[in-house]
Amino acid sequence: MDEKVIKAIQDEYPDDFAWCYGCGRLNDAGHHFRTGWEGDKTVTFFTPKPEHTALPGFVYGGLIASLIDCHGTGSASLALLRKNGFEPGEGTEPPRFVTASLNVDFLKPTPHGVPLKAVGKVEEIHPKKFKVTAEVYAEENLCARGEVVAVVMPKSFLK
């Protein structure tokens with residue numbers, strides 16, 4: 001699984017909102033998660049680094065939670081952008097989301113040293129609220145499942 005997202009929603013976020021440790025393209029120390037469409041589902045690919053170790057041979061669970069979190073908010077942004085008639089790369093600033101709820105179920109230990117793939121399904125539950133279910137795979141093995149409820153970023157987050 002040596003795949004990558006070409007047109008990621010995170011590439012479209014304005015600079016003021018591109019600093020997230022998980023998905024911010026401007027955060028030099030961050031993970032730089034990139035979320036895009038794969039058919040009617042969303043995907044994020046990430047290969048854990050040596051520092052993402054829980055114990056030798058396995059990925060730290062906090063990284064998995066972060067992947068699901070950022071994948072969820074990115075997926076919600078993709079969905080609302082598409083609902084508004086646009087796609088990433090077309091020059092339209094996407095809506096920004098924040099996490100209202102994050103639930104993660106760790107199904108089996110996630111092996112270190114292999115690329116991870118988060119696959120999401122988006123469901124609108126309110127005009128400003130989306131639910132994203134995500135599954136995280138290490139190669140073909142389902143290791144974690146999560147759910148993110150993402151809401152449109154409140155105006156109070158703006159400068």
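This report describes the sheet, the helix, some ring contacts and a few single residues of a predicted model.

## Basis of the model

Because the model is predicted, local features need pLDDT of at least 70 and side-chain atom pairs count only at pLDDT 80 or more, while totals for chains, interfaces and linings use all residues. Residues are numbered from 1 along each chain as its sequence is written, and side-chain values use heavy atoms, with hydrogens and water left out.

## The sheet

Strands of a sheet pair through backbone hydrogen bonds, either parallel or antiparallel. Here six strands form an open sheet with antiparallel pairing, in the order S1-S2-S6-S7-S8-S5. Strands (E, at least two residues) and helices (H or I, at least four residues) are DSSP runs, numbered from the N terminus. Two strands pair if DSSP finds at least two bridges between them. S1 and S5 stand at the edges with a single partner strand each, so one side of each has no neighbour in the sheet. From one strand to the next, the twist averages 30°. For angles, axes are lines fitted to C-alpha atoms, for helices over the stretch in contact, and the values run from 0 to 180 degrees between N-to-C directions.

S7 and strand S8 (residues 141-152) pair in the antiparallel sense over ten bridges. Alanine 138 has asparagine 141 in S8 as its bridge partner, and phenylalanine 130 stands opposite alanine 150 in S8. S8 also pairs with S5 in the antiparallel sense, over nine bridges. Arginine 145 in S8 is the bridge partner of aspartate 105.

## The helix

Helix H1 covers residues 61-83, and its end C-alpha atoms are 33 Å apart, which agrees with the 33 Å that its 23 residues should span at 1.5 Å a residue. The expected span is 1.5 Å times one less than the number of residues. After H1 comes glycine 85, which has a positive phi near 95°.

H1 packs on the sheet and touches S1, S2, S5, strand S6 (116-126), S7 and S8. Contact means heavy atoms within 4.5 Å. The direction of H1 makes about 135° with that of S5. Of the 23 residues of H1, 18 are buried, so the helix is largely enclosed by the rest of the structure. Buried means under 20% relative accessible area, exposed means over 50%, and partly exposed is in between (1.4 Å probe, protein chains only).

## Aromatic rings

The structure holds two aromatic pairs. Rings of Phe, Tyr and Trp (its six-membered ring) pair if their centres lie within 6.5 Å; planes under 30 degrees apart count as stacked, over 60 as edge-to-face and the rest as tilted. Phenylalanine 33 and phenylalanine 46 are edge-to-face, at 5.0 Å centre to centre with 80° between the planes. Phenylalanine 33 lies in the segment before strand S1 (35-38) and phenylalanine 46 in strand S2 (residues 41-46), so this pair ties together parts that are 13 residues apart in sequence. Both phenylalanine 33 and phenylalanine 46 are buried.

Phenylalanine 97 and phenylalanine 130 also form an edge-to-face pair, at 5.5 Å centre to centre with 85° between the planes. This pair links distant parts of the chain, 33 residues apart: phenylalanine 97 is in strand S5 (residues 97-106) and phenylalanine 130 in strand S7 (residues 129-138). Both phenylalanine 97 and phenylalanine 130 are buried.

## Charges over rings

A charge sits over a ring if NZ of Lys or CZ of Arg is within 6 Å of the ring centre and within 35 degrees of the ring normal. The charged end of arginine 82 sits over the ring of tryptophan 37, 3.9 Å from its centre. Arginine 96 has its charged end over the ring of tyrosine 13, 3.9 Å from its centre.

## Single residues

Glycine 36 is in strand S1 and is buried, with a relative accessible area of 1%. Lysine 7 is 29 residues away from glycine 36 in sequence, with 6.1 Å between their C-alpha atoms. Glycine 57 lies in the loop between strand S3 (53-55) and strand S4 (58-59) and is partly exposed, at 41% relative accessible area. Leaving aside its neighbours within four places in sequence, glycine 57 is in contact with Thr110, Pro111 and His112.

Histidine 32, in the segment before S1, has a positive phi near 65° although it is not a glycine. Glutamate 139 lies in the loop between S7 and S8 and has a positive phi of about 55°. With a relative accessible area of 46%, glutamate 139 is partly exposed.
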